Amino acid sequence: MKRDRIIGAVLLVVALSAILGLALIAVFIFREGVPIILRVGARKFFLSTDWEPSLGHFGILSLMAGSLVVTVGAAVIGLVFSLGLAIVLTQFSPPGLAAAAKPLIELLAGIPSVVYGFVGVVTLVPLIRHFLGGPGLSVLAASIVLGVMILPTITSIAIDALQAVPRSYLEGSIALGATRWQTVTMVLLRAARSGLVAAVILGMGRAIGETMAVIMVAGNALAVPHSLLDPVRTLTSNIALEMGYASGDHRQALFATGVTLFVIITLLNTAALAASRRRAGRRRAK
Amino acid sequence: MRFLASPRFALRALLAASSLVPLCAGCPRTSGQSVSLLGSTSIQPFAELLAERYAKKYPGKFVEVQGGGSTAGLQAAASGLVDIGMCSRSLTDKESRVFTPILIARDGLAIVVNLDNPVTKLSLAQLRALFAGQITNWQEVGGKDGPIWPITREEGSGTRESFVRLVMGNERISRRALTQESNGAVKELVKGDAATIGYMSLGLVGKDLKPLAVEGIPPTVENVLAARYHLVRPLLFVTKGAGNPAAQGFVDFVLSPEGQSLLATEGLVRVQ
């Protein structure tokens with residue numbers, strides 16, 4: 001009994017130290033980043049597209065726009081393929097295939113991002129350059145690479161959401177004479193909607209934070225992209241590109257970029273949590 | 001929770017912990033016979049070559065070379081993390097008060113395009129307008145009809161700062177310019193895309209890219225040596241204070257006739 005309590009206390013300390021680490025990181029980046037936002041002026045920092053640290057211009061609007069388009073692009077690609085996969089694996093495939101396919105999809109999450117980036121640069125970028133034009137390094141290339149990278153996240157959460165739909169709903173729908181496809185679109189997807197939303201939001205959180213693969217395929221131009229074939233620079237790639245060199249105000253401005261990213265990702269995760277809570281709450285009410 | 005206290009768990013934890021130890025084998029050592037360098041990715045390949053030759057000539061001595069960029073090299077040298085910082089641009093006034101620069105070679109800054117690009121020369125004014133985004137079609141400078149995609153390096157790169165100082169003056173590099181974080185990445189991109197134009201160390205151009213003549217003068221070692229070619233920058237080793245005696249040994253080797261002729265055969269311009 002006593003040993004149990006000691007081990008319990010040890011584990012509590014370990015768990016708390018992880019949270020403490022997170023808190024320290026948050027405090028550190030806010031302390032480094034917030035002063036420059038105040039000094040430059042929040043309006044100038046967030047609403048100017050002029051990023052030229054050597055001249056003292058710190059406007060991150062084009063970087064935020066870059067992160068946004070790339071993330072939305074990735075979410076669209078990720079959603080289409082993941083939802084298709086999740087529906088097929090839960091409804092239309094023999095159980096053996098689903099059992100074999102799910103771990104394989106999750107394996108995709110274990111591939112280092114630099115490998116995705118490298119494959120993107122070597123195969124995808126020349127294809128885009130050759131068939132669609134532009135320099136190849138583009139919003140489109142980054143969206144596709146990120147879309148594939150977040151596929152495992154979205155797919156496995158979507159599968160869980162679909163499997164959580166009570167069997168009685170499906171049986172009821174079939175009993176009323178609906179076909180399997182009608183059951184999927186009219187009952188299954190609706191019942192699982194909030195879980196699917198959570199899946200996509202978590203996928204977006206992963207996409208917006210991804211760095212290495214994006215640096216390699218996005219082209220990193222500072223201008224706001226006008227088409228899917230234009231190069232783009234995201235918040236994360238801006239930090240990674242310039243952190244090694246930065247000092248003084250420039251360094252602080254990069255931390256401020258990190259603060260922005262931190263807030264965006266926290267908001268996304270909170271939204272995902274809220275979406276999945278709503279689902280759980282509704283089911284309990286029934 | 002019993003498993004936590006079992007000897008097997010303890011053994012595993014010990015194994016896991018010990019597997020972390022060799023991770024630090026690659027950390028820079030700053031003592032004894034070992035010399036560490038960090039900085040410009042333009043100097044890095046040459047420094048690696050010199051390090052290899054040096055270690056072969058004096059068995060038992062080690063030189064470790066890492067990239068990271070000129071400014072990172074200066075910071076690392078300032079904090080004492082490495083013995084020598086590598087910097088591929090002139091030091092600013094503030095920096096030259098802190099560091100002792102050692103000129104190891106001069107380097108031409110080559111303007112490179114794809115082999116399929118018919119353009120062979122540009123004037124400095126054309127080059128400036130092109131990177132500033134005022135000239136956007138290859139037709140305007142004697143090439144085929146098509147957009148120009150200038151490739152620049154990231155903020156803080158020594159190559160970029162040299163390019164800005166030598167070519168851009170007060171003009172700013174276009175915001176449309178693609179940004180790549182190493183000479184290698186610029187090289188790959190220019191090699192694969194006829195619409196691009198980039199800049200890099202003359203010694204790194206190789207056979208896959210076409211260096212352009214600037215103001216009618218082709219970027220050859222002879223032209224750089226004779227000060228005819230316009231775009232020339234210093235390659236520096238910087239140290240802070242007296243430093244590590246082993247580092248001095250390596251610097252002496254780099255400045256010796258042997259080290260200098262090695263750099264010359266690799267396409268740099270000797271200073272001794």
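Analyst: Begin with exposure. A residue counts as exposed when its relative accessible area is over 50%, and as buried when it is under 20%. Keep in mind that this is a predicted model.

User: Is A:Phe81 buried or exposed?
Analyst: A:Phe81 has a relative accessible area of 53%, so the residue is exposed. A:Phe81 sits in helix H3 of chain A, residues 61-92.

User: Now take a contrasting case. Why does B:Gln180 count as buried?
Analyst: The cut-off for buried is under 20%. B:Gln180 counts as buried because its relative accessibility is 8%. B:Gln180 belongs to strand E7 of chain B, residues 178-180. Its C-alpha atom is 10.0 Å from that of B:Gly198, 18 residues apart along the chain.

User: On to pockets. What volume does the largest pocket have, and how many residues line it?
Analyst: The volume is about 1000 Å³. The lining has 34 residues. Nearest the centre lie A:Ser54, B:Arg89, B:Thr92, B:Glu155 and B:Glu161.

User: Which helices each supply at least two residues of that lining?
Analyst: From chain A, helix H12 (248-285) does. From chain B, helices H4 (70-79), H5 (93-98) and H7 (158-168) do. H7(B) gives the most, with 5 residues.

Note on methods
Residues numbered from 1 in each chain as written. Chains lettered and ligands numbered in written order. Predicted model: local features only at pLDDT ≥ 70, side-chain atom pairs only at ≥ 80, totals over all residues. Heavy atoms only, no water. Helix = DSSP H or I, 4+ residues; strand = E, 2+ residues; numbered from the N terminus. Buried < 20%, exposed > 50% of the residue type's maximum accessible area, 1.4 Å probe, protein only. 1 Å grid on protein atoms, 1.4 Å probe; cavity = no way out; pocket = protein on both sides within 12 Å on 5 of 7 lines; lining within 4 Å. Points joined across faces, edges and corners; volume = space filled by probe spheres on them.
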